[in-house]
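Biologist: Hello! Could we go through this model together, one question at a time?

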Amino acid sequence: MVTAHQRAHVVVIGGGQAGLAAGFYLRRAGADFVILDAQDKPGGAWRHAWPSLRLFSPAQYSSLPGWMMPPTPHGGYPTAADAVGYLTDYEQRYDLPVIRPVTVRAVRREDDGLLVETDTGTWHGRYVISTTGTWWRPYIPHYPGRGDIGGQQLHTADYSGPEPFQGQNVIIVGGGNSAAQILAELSTVANTTWVTRRPPRLLPDAIDGKALFDLATRRQHALAVGETGTSISDLGDIVAVPSVRDARDRGALKAEPMFARITRTGVAWRDGTEQSCDAILWCTGFRPALLHLSPLRLRRHNGLVATEGTRALTEPRLHLLGYGDWTGPASATLIGASRTARATVAEIMGHPTRSTTRTTDGPRAG
């Protein structure tokens, strides 16, 4: 039996940026809610990022609702540590009811709500907002020979800095922001080779995360009325933060086409060319961490949940917040999660706002 102290009108799963944004609006609405976080400290996934990681926008455009991120002491784009400090202070500032560490194992249906089973007991919520993000599900594509290489293989999630790679031959895989930032750093201490599936494209220097969010929002509005709109991918893939600009200026951003297979000593291309390496670093992205929702049987063939806005189409008591564009424009960013959380809480509290996000089974290709 579910006891009284394990009940809340809204149960938020995850205490990172999206969970805290939801908490802000729930607190402002006077809701009865709780935030369950698997981490033992505040900061969400930012606590696990490599130290030199930079956000894509200045502090004033990397903020949650109600309180702007303070300017960074070193100026420019905030670091992962800056984000952790900000989220820690934000949680305390608004006295958000975060309980940690609590690992959510499963969400199940009940007549008058949803049951949230955890390693410390069961919660009953009339509504559940899932904000578990993607960091906990790193993705590495399959390539022939991947299990045979004698050297080291890591994912972005495993990278903690350049020191272990001093003087080594490192192959960096991936054409996105993480790959470019890590390459920029590693190329100063190691022999690096960058491989991508298509030629990498840097965004113009003046384009940062704020501009990208505004563009994504305009595109969502256009799609909602049957128009196409400009896609972020029409402009480029990589934000030119200072370290990336430096690497570009010294010629370190030259990319090779994707290899065909992995060998015992390195990699090989289709033309027979081989290259040895000490390590392969896969900067190949993440998948949504949705295992706890498995009992609800909501996921489609693409691994995502069909949504309207953030609400699950086949389980309207569940909202998914902060997983990427399929749950709101740029919702995996600080500013994007903030704006999406506002509409989510308004809908839950019975004051729905007009949805600008189309019904979708997942992200739309640009």
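Biologist: Where is Asp 37 found?

Modeller: Happy to start there. This is a predicted model, in which local features need pLDDT of at least 70, side-chain atom pairs count only at pLDDT 80 or more, and totals for chains, interfaces and linings use all residues. Residues are numbered from 1 along each chain as its sequence is written, and side-chain values use heavy atoms, with hydrogens and water left out. Helices (H or I, at least four residues) and strands (E, at least two) are DSSP runs numbered from the N terminus, and Asp 37 sits in the loop between S2 and H2.

Biologist: Why does Asp 37 count as buried?

Modeller: Buried means under 20% relative accessible area, exposed over 50%, and partly exposed in between, with a 1.4 Å probe and protein chains only. Asp 37 counts as buried because its relative accessibility is 5%.

Biologist: With which side chain does the side chain of Asp 37 make a polar contact?

Modeller: Contact means heavy atoms within 4.5 Å, and among the residues that Asp 37 touches beyond four places in sequence are Gly 14, Val 98 and Arg 100. A polar contact is a pair of N or O atoms within 3.5 Å; within protein, one must be able to donate a hydrogen and the other to accept it, and residues adjacent in sequence count only if both atoms are side-chain atoms. At 3.0 Å, the partner side chain is that of Arg 100.

Biologist: How many of the residues of H6 are buried?

Modeller: H6 is mostly covered, and its buried residues include Leu 334, Ala 341 and Ile 348. The count is 11 of 15.

Biologist: Which strand holds the bridge partner of Ile 171?

Modeller: Two strands pair if DSSP finds at least two bridges between them. The open, parallel sheet has the order S7-S14-S8-S9-S10, and 4 bridges join S8 (residues 169–173) to S14 (residues 279–282). The partner of Ile 171 is Ile 280, in S14.
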